[in-house]
Amino acid sequence: MKIEVSARAKEFIVEHGGNIYVWSDETGFDHASTEPPDAPIEFEPIEADGFTLHQATDIAEPDWWKLEFHYLPREHVTATWDGGEFGPPGLFGRAP
């Protein structure tokens, strides 16, 4: 699996502990966060270049992830996979 990350997204992830979590909640909102969710979600850790991407195990394994940094509406990272997007909650994409 290929993980493409912008320099600023990688910097943001590392500044916030070196982990990025991607999942979809029970309401269908997709998330990408440097903090794990409070909900009991199982993740598969995927080592990337200087950080770890934690992909919820109910997401079908994509061919690629693309992580990008955004400033608005607040600083955050979005995770795009094979045509879908994750984060911030409820603004992008759908669970695969």
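Modeller: Let's start with the order of elements: from the N terminus on, they run β-α-β-β-β-β-β-β-β. Helices (H or I, at least four residues) and strands (E, at least two) are DSSP runs, numbered from the N terminus. This is a predicted model, where local features need pLDDT of at least 70, side-chain atom pairs count only at pLDDT 80 or more, and totals for chains, interfaces and linings use all residues. Residues are numbered from 1 along each chain as its sequence is written, and side-chain values use heavy atoms, with hydrogens and water left out.

Biologist: What share of the residues is buried?

Modeller: Buried means under 20% relative accessible area, exposed over 50%, and partly exposed in between (1.4 Å probe, protein chains only). Here, buried residues make up 40% of the 96 residues.

Biologist: How many aromatic pairs does the structure hold?

Modeller: Rings of Phe, Tyr and Trp (its six-membered ring) pair if their centres lie within 6.5 Å; planes under 30 degrees apart count as stacked, over 60 as edge-to-face and the rest as tilted. This structure holds four such pairs. In one of them, the ring centres of Tyr21 and Phe43 are 5.3 Å apart and the planes stand at 75 degrees, so the pair is edge-to-face. Tyr21 belongs to strand 2 (residues 19-24) and Phe43 to strand 4 (residues 43-47), so this pair links distant parts of the chain, 22 residues apart. Both Tyr21 and Phe43 are buried.

Biologist: Are Phe69 and Tyr71 buried or exposed?

Modeller: Phe69 is buried, at 12% relative accessible area, whereas Tyr71 is exposed, at 55%. Together with Phe12, they form one aromatic cluster.
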